[in-house]
Amino acid sequence: MRVDGLKFSIAAHSAWAPGLATAEAWAGWAQAPLRIAAAGEGPDPAVASMPAMLRRRAGFLGKMALEVAYRCLDGRTDVAAVFCSRHGEVSRAVDLLGELSQGEPMSPTGFGLAVHNASAGLFSIARTDRANHMALSAGAATVEHGVVEACGLLADGAPMVLLVVYDCALPAVLAHFEDCEEQPHAWAWLMTAPGADTISLACAAADADADTAAPASTQPGGLDVLQFQLSGAASLVRQAGMQRWTWTRDV
């Protein structure tokens with residue numbers, strides 16, 4: 001896969017994680033990132049804009065995604081959305097598999113909330129908004145592929161696209177598969193065609209030369225990209241498998 005010169009601007013953004021609920025807190029984190037508290041260490045996101053009946057259906061991961069989506073759209077409607085999560089509601093899926101292994105019937109509601117587009121669906125239902133939405137996972141490059149999808153929608157005529165990125169640590173039974181220091185986080189961008197403060201994204205085959213390889217990061221990709229955006233850094237290079245992704249800020 002090769003991506004050349006995708007460009008876009010960010011009209012609005014929001015982020016939420018345990019202990020990081022304000023723009024000021026995130027600005028401080030971007031300059032000196034600390035490991036984010038685990039899920040359950042503090043209150044859940046309020047998601048006050050969502051009707052309580054639907055809000056109660058969302059788990060912690062979903063509430064993070066919904067909180068930043070509501071904040072970022074700030075009442076706007078008919079906006080296409082791309083929800084991106086590498087692991088999604090894997091904790092719910094593990095619970096369902098555990099029930100099946102014990103010979104218990106699978107809960108239809110539990111299954112419906114474990115699928116990858118559960119948060120996007122709840123968001124659409126709660127707002128009675130029929131705008132196009134999708135949910136995707138693409139391994140370590142989930143954020144980048146989400147941006148590719150969003151830029152495709154912009155190129156196809158959408159005036160703006162909501163990008164929502166969210167993840168949590170894997171459940172204990174799968175923890176040994178983690179390849180980074182997974183931490184709960186969610187953020188959203190309201191993306192538009194390139195204008196002021198343009199960001200560019202390019203992708204090429206990863207260079208096998210160790211001297212030019214992308215610097216390693218212990219953070220999940222979502223936090224790497226968020227730090228790039230919030231810190232004002234000129235560039236970010238991330239390697240995911242055999243792909244090398246380069247983010248740059250046009251100045």
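**Aromatic pairs.** Before counting, I noted the rule: rings of Phe, Tyr and Trp, with the six-membered ring standing for Trp, pair if their centres lie within 6.5 Å. I also reminded myself that this is a predicted model. With that rule, I found that the structure holds 9 aromatic pairs.

I looked up Trp 16 and Phe 60 to begin with. Their ring centres are 6.1 Å apart and the planes meet at 65°, so I wrote the pair down as edge-to-face; the cut-off for that label is over 60 degrees. Then I checked where the two residues sit. Trp 16 belongs to strand 1 (residues 3–16) and Phe 60 to helix 3 (residues 60–73), so this pair links distant parts of the chain, 44 residues apart. Trp 16 and Phe 60 are both buried.

Next I took Trp 189 and Trp 247. Here the ring centres are 6.2 Å apart with the planes at 80°, so this pair is edge-to-face as well. Trp 189 is in strand 5 (residues 185–192) and Trp 247 is in strand 8 (residues 243–249), so the pair ties together parts that lie 58 residues apart in sequence. I found both Trp 189 and Trp 247 buried.

**A ring cluster.** Which residues do ring pairs link into a cluster together with Trp 189 and Trp 247? I got Phe 8, Trp 187 and Phe 228. Phe 228 has a further contact: the charged end of Arg 249 sits over its ring, 4.7 Å from the centre.

**Helix 7.** I moved on to helix 7 (residues 142–155), which has 14 residues. From its first C-alpha to its last it reaches 20 Å, close to the 20 Å expected at 1.5 Å a residue. I listed its buried residues, among them Val 143, Val 147, Ala 150, Cys 151, Leu 153 and Leu 154. Thr 142 and Glu 144 in this helix are buried too. After helix 7 comes Gly 157, with a positive phi near 115°.

**A nonpolar patch.** On the surface I noted a nonpolar patch formed by Leu 97, Leu 100, Met 106 and Phe 111. Together they have about 380 Å² of accessible area. Phe 111 is in helix 5 (residues 108–114).

**Pro 171.** Is Pro 171 buried or exposed? I read 15% relative accessibility, so Pro 171 counts as buried; the limit for buried is under 20%. Pro 171 lies in the loop between strand 4 (161–167) and strand 5. I also checked Asp 95, which is 76 residues away along the chain: its C-alpha is separated from that of Pro 171 by 9.7 Å.

**Two Asp residues with positive phi.** Asp 78 is not a glycine, yet its phi is positive, about 55°. I placed Asp 78 in the loop between helix 3 and strand 2 (80–84). With 62% relative accessibility, Asp 78 counts as exposed.

Asp 197 also has a positive phi, near 55°, and is likewise a residue other than glycine. Where does Asp 197 lie? I found Asp 197 in the loop between strand 5 and strand 6 (199–205). At 64% relative accessibility, Asp 197 goes down as exposed.

Note on methods. Residues are numbered from 1 along each chain as its sequence is written. This is a predicted model: local features need pLDDT of at least 70, side-chain atom pairs count only at pLDDT 80 or more; totals for chains, interfaces and linings use all residues. Side-chain values use heavy atoms; hydrogens and water are left out. Rings of Phe, Tyr and Trp (its six-membered ring) pair if their centres lie within 6.5 Å; planes under 30 degrees apart count as stacked, over 60 as edge-to-face and the rest as tilted. Helices (H or I, at least four residues) and strands (E, at least two) are DSSP runs, numbered from the N terminus. Buried means under 20% relative accessible area, exposed over 50%, partly exposed in between (1.4 Å probe, protein chains only). A charge sits over a ring if NZ of Lys or CZ of Arg is within 6 Å of the ring centre and within 35 degrees of the ring normal. The expected span of a helix is 1.5 Å times one less than its number of residues. Patches are made of residues with over 30% relative accessible area and no salt bridge: like charges are joined within 9 Å, nonpolar side chains (Val, Leu, Ile, Met, Phe, Trp, Tyr) within 5 Å. Accessible areas come from the Shrake-Rupley method with a 1.4 Å probe; for residues, only the protein chains shown count as cover. A salt bridge is a side-chain nitrogen of Lys or Arg within 4 Å of a carboxyl oxygen of Asp or Glu.
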